[in-house]
Amino acid sequence: MNTPMTDAILRLFGNLGEELARRQVPPGAVHAYIFGGCAVHLHAQSRASTDVDAEFAYPPPLKQELMLILAELPPVDYDDPEEGPSQLVYDPTFNSTLGPLHMDYQDRAVPLEGIGKSTVIVMLPSIEDIALSKLGRLGDVDLEDILTLLSLPGASWQKFEQLALEANQYYVGPDLTPNLAHVRRKLEERRSS
């Protein structure tokens with residue numbers, strides 16, 4: 001079941017797809033991988049966000065045109081059941097290289113329903129990949145997001161741990177093992193309470 005925020009995310013990328021189609025970009029040429037609070041919301045229907053973090057895959061000749069369109073992409077208004085009138089914008093400052101990310105995350109991502117034959121295919125990385133992307137910074141919101149994600153049906157601690165340890169070998173930030181151990185303790189505390 002789509003939430004108002006899910007619909008807003010799809011509308012935002014639908015608008016991007018329409019603009020690219022007007023410029024003769026063929027269907028499916030751009031893949032948008034959703035991260036951040038929007039990805040948590042799409043998996044768990046929890047936690048609202050005001051901006052969309054996305055990583056794009058596209059043919060190299062499209063880069064400049066895509067960046068120009070994204071810079072001018074208008075916000076999408078929607079009615080949040082808890083917050084009331086809300087707006088969703090694309091975050092041009094998001095950079096997936098700043099956090100840990102497994103090199104094969106795209107292989108586990110799935111397309112969202114309702115995308116039709118759009119120029120932009122909206123992809124949702126796996127629960128474990130989204131949780132991993134939040135492991136490096138591990139602020140309070142990140143920790144809560146990880147715990148929420150790993151408590152969902154179908155989530156796998158073993159897969160999350162495996163991806164984190166593999167990503168730790170090439171992640172340019174600090175060692176992830178202390179954060180991984182902290183998450184394990186918090187997850188065990190939550191499950192035992």
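I started at Arg47, which sits in the loop between helix 2 and strand 2; helices (H or I, at least four residues) and strands (E, at least two) are DSSP runs here, numbered from the N terminus. This is a predicted model, so I kept to its limits: local features need pLDDT of at least 70, side-chain atom pairs count only at pLDDT 80 or more, and totals for chains, interfaces and linings use all residues. Numbering runs from 1 along each chain as its sequence is written, and side-chain values use heavy atoms, with hydrogens and water left out.

Arg47 is not a glycine, yet its phi is positive, about 60°. Gln45 lies in the loop between helix 2 (36-44) and strand 2 (51-57). Gln45 also has a positive phi, about 50°, without being a glycine, and it is partly exposed at 45%.

**His41.** Buried or exposed, I wondered about His41? His41 is in helix 2 and is buried, at 7% relative accessibility. Neighbours within four places in sequence aside, His41 is in contact (heavy atoms within 4.5 Å) with Thr3, Met5, Thr6, Ser46 and Arg47.

**Helix 1.** Next I checked helix 1, residues 4-22. Its 19 residues reach 27 Å from first C-alpha to last, close to the expected 27 Å (1.5 Å times one less than the number of residues). Buried residues in helix 1 include Met5, Thr6, Phe13 and Leu16. After the helix comes Gln24, with a positive phi near 70°.

**The core.** I then went through the largest nonpolar core, which has 63 residues (buried Ala, Val, Leu, Ile, Met, Phe, Trp, Tyr and Cys joined through side-chain atoms within 4.5 Å). Its largest share, eight residues, comes from helix 1. Phe13, Leu16, Ile34, Phe56, Leu135, Phe160 and Val183 touch the most other members.

**The pocket.** Last, which residues lie nearest the centre of the largest pocket? They are Asp53, Phe94, Gly99, Ser133 and Arg137, out of 20 lining residues. On a 1 Å grid over the protein atoms alone, a pocket is an open set of points where a 1.4 Å probe fits, with protein on both sides within 12 Å along at least five of seven lines, and lining residues have an atom within 4 Å of a point. I noted six nonpolar, eight polar and six charged residues in the lining, with Asp, Glu, Lys and Arg counted as charged, Ala, Val, Leu, Ile, Met, Phe, Trp, Tyr, Cys and Pro as nonpolar, and the others, Gly among them, as polar.

Definitions and conventions. Buried < 20%, exposed > 50% of the residue type's maximum accessible area, 1.4 Å probe, protein only.
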